[in-house]
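Here is a short briefing on a protein model. Look at the sequence and the structure first, then read the points below.

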Amino acid sequence: MKLSNYYLPTLKETPADAEMESHKLMLKAGLIRKVTAGVYSYLPMGFKVLKKIERVVREEMNRAGALEIKLPIIQPADLWEESGRWADFGPEMFKLADRKERKFALGPTHEEIITDLVRDELHSYKDLPLVLYQINDKYRDEIRPRHGVMRSREFLMKDAYSFHDSQESLDDTYEGMYQAYANVFDRLGLDWVAVEAPTGLMGGSYSQEFMALADEGGEEIVTCDQCNYSSNTEIAKYQVASDGKREELKDIKEVETPGMESVEEVANHLEVPTQEIVKTFIYRTDDGLVAALVGGDDSIEEMKLINHLGAKKAEMVSSEEEIRQITGANFGSIGPVGLDIPVYADLDIKSMANFTVGANKNGYHLKNVNWERDLNDVQFINLRQVEKGDHCPKCGAKLNFHRSIEVGQIFQLGTKYSDSLNGEYHDEEGNLKPYVMGCYGIGISRILPAVIQQNYDENGIKWTDSVTPFSAEIIVIGSDEGKSDKLGIDLYQKLSEEGYDILLDDRDESPGVKFNDADLIGIPLKVIVGPRGLKEGVVEVETREGKTDELEIEGKEIKETVGQLGEKIG
């Protein structure tokens, strides 16, 4: 491809609204352009990289035995209502109506559509297992689109769905998909880790996320160097505090804490450590109100409560008026003693004795509260946020924290969708049973910035081998009566005929502009043709890392030089 004929509008200045380096570089290198918040156009080079990522994903999915299909983006509301998710997805779902006022959604995911497709076709255990996949656009009305195509309203995704007659069959396919994903991310050159993850709105019993490690990544994960434990922090476990020496139980007593709202204020007023105070939060869930307790220095992780309850959501009661109706007190004075709702407490505070909680009476707290005597119906669960300094729940080693970018997620859905959508097959005895299902997603358009986020320097992008848009660029510089131009074109044509994806910078620009653009867009190898080199009988070759070499051309056939360049490109 000749650059004079290529649409590649690079930018010298960094756009003001770009924050992450990958977003800045995708704009500066002419890969994307913003249409509106969370919506982007892909320019030729950006689209080319996207198609290369697609190819790797498609090859590994086909190798794993999945069959490619294409499902509709416009989805009827009645299918979502049948599954019970029309309301659950909330404002993130783009909803629309046709001229007959029938309701539809722009597909944020395709579990309903795929189950509807196969429930009319897969009637026998002999038809199972089956894995179908597509590479298609998805739409979600993100409340805060950011970081370019990293979190956008329209994005390209590979989603696969598997159907089985047993959990054992699902387990086998799940493991196969895990390996296929590992192959994809290895081939794309990503530094990645798989972690335990919440199932969220997709549901199911188990899920893992594939995370590309990146300092500016939007997700935080924990890993252990001593064993194989890794998790999204939203559900991460930790080594629970030991019981230690058992204290003698003291008499509970009510104490005044006038105007005290925070843990620190209460601790200072009562002259007790903040670690001896237990905080209480009230949540509204699908099944009613619950109380959640964590230590005075800890923060609650709502996803852990949701996962434990198997709830679709848990919303903290944040209205002062509602809190007074539920507990009889304002936020600063609420506590678990005497509440007529289920109480869940973090495992780490199970060993506490003689601790302080709100008295459910404005301006008062209770000291010397104890579980066995005062709160004997509490359920202890993993509830607080994992923190730096916590230790691995498996081996006790110190946990490591990393920023990362989610590039894929796989789920064991079980019978969640086949139950609600009547997706059934006949087993060997002729009995009707629901499909056991799995779901497997890869963020195609998110991988592109993830690769860049892991591979760049002050000059621009440094593509990995499998996604680089061009293998090399021939840069013609100087003026020598067309000799350099002729050699540049000859090399370009011969290399192209040999099957190499070559860019020829034949623009009427200065050498500095050409070199800077080549580095910015991530060209791995520059072949520099100019009067000085021709005078000395050489062309200069420079890698993206700055290593240089010279190839003699004097007295050689052009095919010999092409052969030498091919070795360096390949």
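What follows covers the nonpolar cores and the salt bridges.

This is a predicted model: local features need pLDDT of at least 70, side-chain atom pairs count only at pLDDT 80 or more, and totals for chains, interfaces and linings use all residues. Residues are numbered from 1 along each chain as its sequence is written, and side-chain values use heavy atoms, with hydrogens and water left out.

**Nonpolar cores**

- A nonpolar core is a set of buried Ala, Val, Leu, Ile, Met, Phe, Trp, Tyr and Cys residues joined through side-chain atoms within 4.5 Å.
- Buried means under 20% relative accessible area, exposed means over 50%, and partly exposed is in between (1.4 Å probe, protein chains only).
- The largest nonpolar core holds 63 residues. Leu31, Ile53, Phe185, Ile447, Leu448 and Trp463 have the most contacts inside it.
- Helix 2 (residues 44–63) gives the most to this core, with 7 residues. Helices (H or I, at least four residues) and strands (E, at least two) are DSSP runs, numbered from the N terminus.
- This core lies between domain 1 (44–237 + 401–452) and domain 3 (472–569), because both give residues to it. The domain bounds come from an automatic or database domain assignment.
- In soluble globular proteins, nonpolar side chains tend to be buried together.

**Around Leu31**

- Contact means heavy atoms within 4.5 Å.
- Leaving aside neighbours within four places in sequence, Leu31 has contacts that include Met26, Tyr42, Leu448 and Trp463.

**Salt bridges**

- A salt bridge is a side-chain nitrogen of Lys or Arg within 4 Å of a carboxyl oxygen of Asp or Glu. By this rule there are 36 salt bridges.
- Glu68 and Arg58 form one, at 2.8 Å from N to O. Glu68 is in strand 3 (residues 67–68) and Arg58 in helix 2, so the pair ties together parts 10 residues apart in sequence. Glu68 is partly exposed at 37%, and Arg58 is partly exposed at 26%.
- Lys361 and Glu254 form another, at 3.2 Å from N to O. Lys361 is in the loop between strand 18 (355–358) and strand 19 (364–369), and Glu254 is in strand 13 (residues 253–256), so the pair ties together parts 107 residues apart in sequence.
- Salt bridges that share partners join Arg55, Glu59, Glu60, Arg63 and Arg187 into one network.
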